[in-house]
Amino acid sequence: SKPNIESVTKNISDSRLEIVVMTGLVSAGDIASIYASVSVLLLNLRDDPAFSATIPSKLQSDLAAGKPIIVSSNGESADAVIKANAGLACPQAMLKP
């Protein structure tokens, strides 16, 4: 959601994380070059039963990119990253204030 994006952008700025770039929406044609330029991919899914029971297509693309993935999710997405030895997983509950 937009307020979340604004909060994340502010946290990035306040923390002086110059290597973190918020791109906003990008076209499908730009994804390959973006994936090629990054060191790690982030997948943050809200704590929702639908996200816990399925693997979103974005995760499938992330896995295919061969880059390390940090996933914040409950259920299948986190399990897939761990089973594939493709990165780190953090349950959503750990991120709630």
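Me: In what order do the three strands of the open sheet sit, and is the pairing parallel or antiparallel?

Reply: Bear in mind this is a predicted model. The order is E1-E2-E3, and the pairing is parallel.

Me: What makes a strand an edge strand here, and which ones are they?

Reply: Pairing on one side only: that goes for strand E1 (41-44) and strand E3 (87-90). On average, neighbouring strands in this sheet are turned by 10 degrees against each other, ignoring direction.

Me: How do you know that E1 and E2 pair?

Reply: Count the bridges. Pairing takes at least two bridges found by DSSP, and E1 has four with strand E2 (residues 69-72), so they pair, in the parallel sense. For Leu42, the bridge partner in E2 is Ile70.

Me: What packs on these strands?

Reply: Helix H4 (residues 57-65) lies across E1 and E2, at about 160 degrees to E1. Helix H5 (residues 76-83) touches E2 and E3, and its direction makes about 150 degrees with that of E3.

Me: Why is Leu88 called exposed?

Reply: The cut-off for exposed is over 50% relative accessible area. Leu88, which lies in strand E3, has 59%, so it counts as exposed.

Technical notes:
Residues are numbered from 1 along each chain as its sequence is written. This is a predicted model: local features need pLDDT of at least 70, side-chain atom pairs count only at pLDDT 80 or more; totals for chains, interfaces and linings use all residues. Side-chain values use heavy atoms; hydrogens and water are left out. Helices (H or I, at least four residues) and strands (E, at least two) are DSSP runs, numbered from the N terminus. Axes are lines fitted to C-alpha atoms, for helices over the stretch in contact, and angles run from 0 to 180 degrees between N-to-C directions. Contact means heavy atoms within 4.5 Å. Buried means under 20% relative accessible area, exposed over 50%, partly exposed in between (1.4 Å probe, protein chains only).
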